[in-house]
Amino acid sequence: MDPKAPAQLYLDSEKDELFERGPWPKPFAFNEEVVRVFDDMVSRSVPMYREVVACAAHWAKDYHQPHTRIVDVGCSTGTFLELLGRFLKSPAILVGLDNAQPMIDKAREKLAHIASHHKVELHCLDANLFSFADSSVVVMNYTLQFLPINQRTTLLRSVFDGLLSGGLLFLSEKVKCHSPHFQETITRHYEAFKERNGYARSEIERKKEALEHVLIPLSQDEQLAMLYDAGFREVDILLKMHGFTTFVARKTTPETRPL
Ligand SMILES: C[S@@+](CC[C@H](N)C(=O)[O-])C[C@H]1O[C@@H](n2cnc3c(N)ncnc32)[C@H](O)[C@@H]1O
């Protein structure tokens, strides 16, 4: 892959028509039905999805330390790891983690062609049971938001503890606004973006209902505080659109965390 060329993602799924007519998945879950349409769903629902995945590949390349692991938490169908696998010239250890077996099965198919060049490991596991030891890069795009809030702190601490010094966390989340006024505007613009991507009003409403109590966004300040609490001291915001925000956090020494 030419690093200067715009990245083409390997998206491979049926069209997302899950919420067109009933019965639709409610509450929303990453089951077989969702996996079947996932690549189409995520690329039409997440603002700047292609740019974020490509950006994560560039950051992963910059912060990867030789002979260490690059871990994608909530790897879904393996889209990021597949792109990264084509992007990295030197062989690397690429680890995908997801607690939905159908996602891991799909990722295994998608990553088969890069497995001759890189060491690819896929684990069907809850992220909180994973050890991030020997990792120099952890990518977690749109996954933390699905964990109960008390488990998010535990997971970020475990990422921080496992990361090597100088290691990077690349984190993307949907965040909510403090201002109800701005939140209303952002939601309206986000839903218009989904309509432009071919979703009907009724589909947008049904999915929103299905995601209630499943995807719980924090505010940007709460997310930043959680990163600092985990121990990260070098934290920044890279991208933001319609509330979808990408944070970068680097583990620096001394590796201390407030008790
Ligand atoms: C919105 S998707 C992530 C999209 C993916 N990172 C991408 O960029 O294409 C969220 C993923 O997180 C996984 N997930 C949710 N909770 C998890 C947990 N506790 N441990 C591991 N994976 C989890 C889901 O199965 C799902 O595949």
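A residue here is buried if 20 or more other C-beta atoms lie within 10 Å of its own, exposed if 12 or fewer, and partly exposed in between, with C-beta atoms placed from the backbone. With that in hand, select aspartate 134: it is partly exposed, having 16 other C-beta atoms within 10 Å.

Before going on, note that this is a predicted model, where local features need pLDDT of at least 70, side-chain atom pairs count only at pLDDT 80 or more, and totals for chains, interfaces and linings use all residues. Numbering starts from 1 along each chain as its sequence is written.

**Stop 1: into β4**

Aspartate 134 is in the loop between β3 (119-124) and β4; helices (H or I, at least four residues) and strands (E, at least two) are DSSP runs, numbered from the N terminus. Check its backbone: phi is near 65°, a positive value in a residue other than glycine.

Now select 135-141, which is strand β4. How many of its residues are buried? The count is 7 of 7, so the strand is mostly covered.

**Stop 2: the neighbours of β4**

Strands pair if DSSP finds at least two bridges between them. Show β1 (residues 69-73): 4 bridges join it to β4, and the two run parallel. Valine 71 stands opposite valine 138 in β4.

Next, show β5 (residues 163-176), which is joined to β4 by 6 bridges, again in parallel. Here, valine 139 of the pair stands opposite phenylalanine 170 in β5.

**Stop 3: two loops**

Click on proline 148, in the loop between β4 and α5. Is it buried or exposed? Proline 148 is exposed, because it has 8 other C-beta atoms within 10 Å.

For contrast, go to serine 76, in the loop between β1 and α3. Serine 76 counts as buried because it has 26 C-beta neighbours inside 10 Å. Its phi is near 50°, a positive value in a residue other than glycine.

**Stop 4: the ligand**

Finally, centre on the ligand, which 19 residues surround; the closest are Phe30, Gly74, Asn99, Ala100 and Ala127. A residue is near the molecule if its C-beta atom, placed from the backbone, lies within 6 Å of it.
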